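Subject: Structure handover

Hello,

Here is the structure I promised to pass on. Please open it next to this email and read the two together.

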Amino acid sequence: MDKKNVFGCVILICLSILIAGCWDRRELQDRNFILAVGIDMADVHTPIETFTQPHGSKRYRLSLQILKLGAGGDGKEKSKTYVISNTGDSFFEMVRDMLGQTSKSLWFEHVQVIIISEAVLRQTGLGELLDFFKRDSEMRSRMHVYVTSGVAKSLLEYIPPNKEPGGIYLSNIVDLHVKNVHVAGKRTDLASLALYSDNNANLVVSRIEMVDKVVKLGGLAIFKKDKFIGYVDEDAVAGIKYMFGSEKSAIVTIPCPDHSDHQVIFELFRHDTRLRPHVDGDTIYFTLDINMYGNIGELQGDIALDNTMDPQYVNNLESAFADEIKRTVLYSQQIIQKKMRVDILNLFATKLKAYEPDTWAKVKDQWDEIYPDIPLIISVNVSIRNIGSHK
Amino acid sequence: MANLEAKTYISPLQLGIVVIGTCVGAQIMLSPRALIAAVEQAAWQSVIVGGVIFYVAACLMLKLGKQYPDQTLIEYAPALFGRLGGNVVIIWFNLLFFLQIIGIFSGVGKIITFYMFDRTPPEVVILALLVVCTYCALQDWGTILRVQQIMFFVAYTMLTMVWMTSILNFQPENMLPLWSIKTKTVISGGFSTWPMYSGYECLLLLLPLVHKKTSFAKLAQIMGGAFGCMTLFFLLIVIVIIGVLTVENAKNVPYPALIVIRSVELPGTFIERLENYLLVAWIPVVFTTLAAMIFYMGQVCMRHYRYVDHRPWVLALVPLIYLGSMLLLDDQQAYDTVSKYTLWIGVGFSFGVVPLSLMLSWWHRRKVGARCG
């Protein structure tokens, strides 16, 4: 081997030493995976938990739910997660200070859910609270955001009965919103909130509560822009979903048209929903056309008296279900449009801008004042395709 | 043994692929925000207008190149503009590539550091990419052509496939109102898409490699196909960004394409955080653009100073490119200013220098024809 080749080999070996490994490596066993984040008002804290803060005040308590990594143990261990918390003003500063409470770095790439307590939202806008999570490249865009009237930290300490890690359990609940018309989960994640916030829209966030170790998701927290103004119940959520056409399935219950003590239940399988703006001179109004297709899912009462094979009976049911859907939409319209006076997620404004841009250009500056008085004409048609596998 | 990499002939189709490879690169991440902020809902119309405008510019370059079938701009510019004028044109031409290269390097450095390697200083990311691109640019044209062709089929397919997953979050209503009545804004937006389409200027260097018998019509047809593909690709990027994020949201994020892909969740799969996959597919695309542009710069210097080899020039340009990228890296104001001037220099070259060169060449020919009787 001549000198040139030897020199080349030496250079190659040196280079391979230099380029081996990666500056950005983070070993799995050196990470603390955070699964859920809770934001509460700062309460009484032990001095050791927090830090000396030269500026601002101790406004918030930030709690992080961390996955326990390690040997499985003897199976008696109740929770797969533990919670640490800190108080302060800046979330980033609290997170970095919390490194004093852990032996491994905190890793936010797997955060599934952020829970914010109502008490915090009464003081601070949602945009301000979520800024850190929107800005940091480590965060997931699709992490779910919930509001609770109680304490967010308690929800992080909740141990799911199926032994799933808490954050994953809490996050998965909302993923079932497609089958649960009482939960609005489609546009309430971090990316959607950032999107609607940039569009100056009125935001909505799913509500989660824990009472006596029972956790339940249902209802919505409503925001005027990003300021919290109150909650709506599950029936209103159903109406809102019908307006958006965001439901994939729904259960509609009505008293039987022929026997008022009986209950008939409709299971929605498919729908075609169209919300359209109309402009007639200076008058703006909207039409909501809903066509629903589904089955009879359940009948409560003496089924011998209700002949679901009678076409006339089925026709009567279809009309009754259509009336019930209409009632639900009107109920939510009454609360959202008339009482709270918010166009949630700018649903109506977006339609007007999209289909009547000239009119939108004229009214966009006064939209908040105009919107509560804009008429909505609702038309619902229900088709029962099947009565189930029994009469 | 003959050097098989020193290629002296390319087909018109290969020319089309090289133009696409040079043009489509880093700007799919870097440009959309500014375009959407300027033109808003009509950004997609500006992309189409831009495609047409710069296709016309490319045709003018083809016409000019056809006047001098054996020469590149570097050889015939002094004949058209005189020694001083020719030098100005050649410097202008090379400055175009230089400004684009440093802009791309600093933009890519920022993106990769922020989204992939947050502990690696951007200076190191840029240096590593510069080394790889320089290595490619040091090769002969045959190798670069082969890299461009391979990347055309591999990297662009990967990039498009990853990008198309964002269709899952597409909301057609975000595109409405579809048509903008602000014609002036749409046309000025069309000109501002130059960074996306830029790179077609390489035609003035590569045309002598295309077979002399290839007619202008054939070349214009191939170039039409190339610009059609690029327009479709950029349309796909801009339409999906607006359809997923809305105009208002896209205006507020520095790199909307990454935010779009970051929001994608593939149900039932373990694949997540798709921005990393998109970046992995994007880096080879950026590499082909940068390697080609550095090669063109080396070629311009080689021909201008009458060297037989472009390699010393490529190596000499490396420190300059690195320094330029560093200057733009931490100074957003400088980056914006340089981007603005690059746009003017680019559009000015395509619609000022090239038409003027064409007119001068016709005038020269007429003069020579008149003398010959």
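Below is what I found, by topic.

Ground rules
This is a predicted model; local features need pLDDT of at least 70, side-chain atom pairs count only at pLDDT 80 or more, and totals for chains, interfaces and linings use all residues. Residues are numbered from 1 along each chain as its sequence is written, while chains are lettered from A and ligands numbered from 1 in the order in which they are written.

Domains of chain A
Across the boundary, 20 residues of domain 1 of chain A are in contact with 17 residues of domain 2 of chain A. Contact here is between residues whose C-beta atoms, placed from the backbone, lie within 7 Å.

On the domain 1 side, strand S8 (214–224) and strand S9 (227–232) of chain A are the elements that give two or more residues. S8(A) gives the most, with four residues. Helices (H or I, at least four residues) and strands (E, at least two) are DSSP runs, numbered from the N terminus. By class, that side of domain 1 of chain A has eleven nonpolar, five polar and four charged residues. For the classes, Ala, Val, Leu, Ile, Met, Phe, Trp, Tyr, Cys and Pro count as nonpolar, Asp, Glu, Lys and Arg as charged, and the others, Gly among them, as polar.

Asp212(A) has a positive phi, near 50 degrees, and is a residue other than glycine.

The four-stranded sheet
Chain A has an open sheet of four strands, in the order S10-S11-S12-S13, with mixed pairing. Strands count as paired if DSSP finds at least two bridges between them. Strand S10 (250–255) and strand S13 (376–386) of chain A are the edges, each pairing on one side only. From one strand to the next, the twist averages 35 degrees.

S11 (residues 263–280) and S12 (residues 283–300) of chain A run antiparallel and are joined by 17 bridges. Two residues lie between these strands in their hairpin, where Gly281(A) takes a positive phi near 65 degrees. Phe266(A) stands opposite Ile296(A) in S12(A). Leu268(A) stands opposite Gly294(A) in S12(A). Gly294(A) also has a bridge partner in S13(A), Ile384(A). S12(A) and S13(A) run parallel, with ten bridges between them.

Helix H10 (residues 347–355) of chain A lies across S11 and S12 of chain A, at about 50 degrees to S11(A). Axes are lines fitted to C-alpha atoms, for helices over the stretch in contact, and angles run from 0 to 180 degrees between N-to-C directions.

Where chain A meets chain B
14 residues of chain A are in contact with 17 residues of chain B. Helix H7 (190–198) and H10 of chain A are the elements that give two or more residues to the chain A side. H7(A) has the largest share, four residues. The chain A side divides into seven nonpolar, four polar and three charged residues.

Helix packing in chain B
Helix H5 (residues 73–115) and helix H6 (residues 122–137) of chain B have axes that come within 9 Å and cross at roughly 120 degrees. H5(B) and H6(B) are therefore oblique to each other. Angles under 35 degrees count as roughly parallel, over 145 as roughly antiparallel, 65 to 115 as roughly perpendicular and the rest as oblique. Residues of H5(B) in this contact include Phe105(B), Val108(B) and Ile112(B); among those they meet in H6(B) are Val125(B) and Leu129(B). The contact has eight nonpolar, two polar and one charged residues.

The axes of helix H1 (residues 12–23) and helix H7 (residues 141–164) of chain B also come within 9 Å, crossing at roughly 75 degrees. H1(B) and H7(B) are therefore roughly perpendicular. Their contact has six nonpolar, four polar and no charged residues.

One last item in chain B
A cis peptide bond joins Leu176(B) and Pro177(B), with omega about -5 degrees. Pro177(B) sits in the loop between H7 and helix H8 (183–191) of chain B.

Best wishes

Terms used
Contact = placed C-beta atoms within 7 Å.
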